[in-house]
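I set out here, entry by entry, what I looked up in this structure.

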Amino acid sequence: MRIFTFCFSFLACMLVFGEPGAWAQVTLTGRVTEAGSMSPLVGVSVKVKDKVVGTITDSKGEFELKVLSSPPFTLVFSSVGFQSQEVEVSGSRSDISVAL
């Protein structure tokens, strides 16, 4: 029973006092539009460069992406018929607007 209590106490302390960066999650939101008309673009791929995390834009051209790593990192926006665009995310920037 003492071993169980010790292990439980140790794990609880690690969760409370552990490194905050290890549990950090950044939520990015934004909107992708067509450069000429500024109309929303549906189905644009939004990915973190060199990672396996991404999403696509909805019917309003908006996206939400949760990233487990802390900035800085690069987002890559791509869609058929448009030139891909890269946006550097650094600091506390969380709302991103892109025109393709």
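**Entry 1**

I began with K66, which counts as partly exposed because its relative accessibility is 44%. I noted that the side chain of K66 meets that of E64 in a salt bridge, at 3.7 Å from N to O. A salt bridge here is a side-chain nitrogen of Lys or Arg within 4 Å of a carboxyl oxygen of Asp or Glu. E64 is likewise partly exposed, with a relative accessible area of 48%.

**Entry 1: what kind of model this is**

I recorded that the model is predicted, that local features need pLDDT of at least 70 and side-chain atom pairs pLDDT 80 or more, and that totals for chains, interfaces and linings use all residues. Residues are numbered from 1 along each chain as its sequence is written, and side-chain values use heavy atoms, with hydrogens and water left out.

**Entry 2: the chain as a whole**

Helices (H or I, at least four residues) and strands (E, at least two) are DSSP runs, numbered from the N terminus. From that end, the order of elements is α-β-β-β-β-β-β-β. Of the 100 residues, 24% count as buried. The chain exposes about 6900 Å², and carbon and sulfur atoms supply 60% of this; the areas come from the Shrake-Rupley method with a 1.4 Å probe, and for residues only the protein chains shown count as cover. Among contacts with a separation of 6 or more, 48% join residues 24 or more positions apart, where contact means heavy atoms within 4.5 Å.

**Entry 3: how the strands pair**

I looked up an open sheet of three strands, which has the order β4-β1-β7 and mixed pairing. Its edge strands are β4 (62–67) and β7 (95–99), each of which pairs on one side only. Two strands pair if DSSP finds at least two bridges between them. Strand β1 (residues 26–33) runs parallel to β7, and five bridges join the two.

Which residue of β7 is the bridge partner of T33? I found that T33 partners A99. T33 counts as buried, because its relative accessibility is 6%. Beyond its neighbours within four places in sequence, T33 is in contact with several residues, including M38, P40, V98 and L100.

**Entry 4: the hairpin**

I then turned to β5 (residues 73–78) and β6 (residues 85–89), which pair in the antiparallel sense over five bridges. F77 has Q85 as its bridge partner in β6. The two strands form a hairpin with six residues between them, and G81 in the turn has a positive phi of about 90°. Is G81 buried or exposed? It counts as exposed, because its relative accessibility is 77%.

**Entry 5: the nonpolar core**

I noted 18 residues in the largest nonpolar core, of which L28, L75, F77 and I96 touch the most other members. Such a core is a set of buried Ala, Val, Leu, Ile, Met, Phe, Trp, Tyr and Cys residues joined through side-chain atoms within 4.5 Å. The elements giving two or more residues to this core are β1, β2 (45–48), β4, β5, β6 and β7.

I looked up the total and found two salt bridges in the structure. K49 forms one with E86, the closest N and O atoms being 3.2 Å apart. K49 lies in the loop between β2 and β3 (54–56) and E86 in strand β6, so the pair ties together parts that are 37 residues apart in sequence.

Most residues other than glycine have a negative phi, and most peptide bonds are trans. I found that M38, in the loop between β1 and β2, has a positive phi of about 60°. D50 has a phi near 65° and lies in the loop between β2 and β3. The peptide bond from P71 to P72 is cis, with omega near 10°.

Conventions. Buried means under 20% relative accessible area, exposed over 50%, partly exposed in between (1.4 Å probe, protein chains only).
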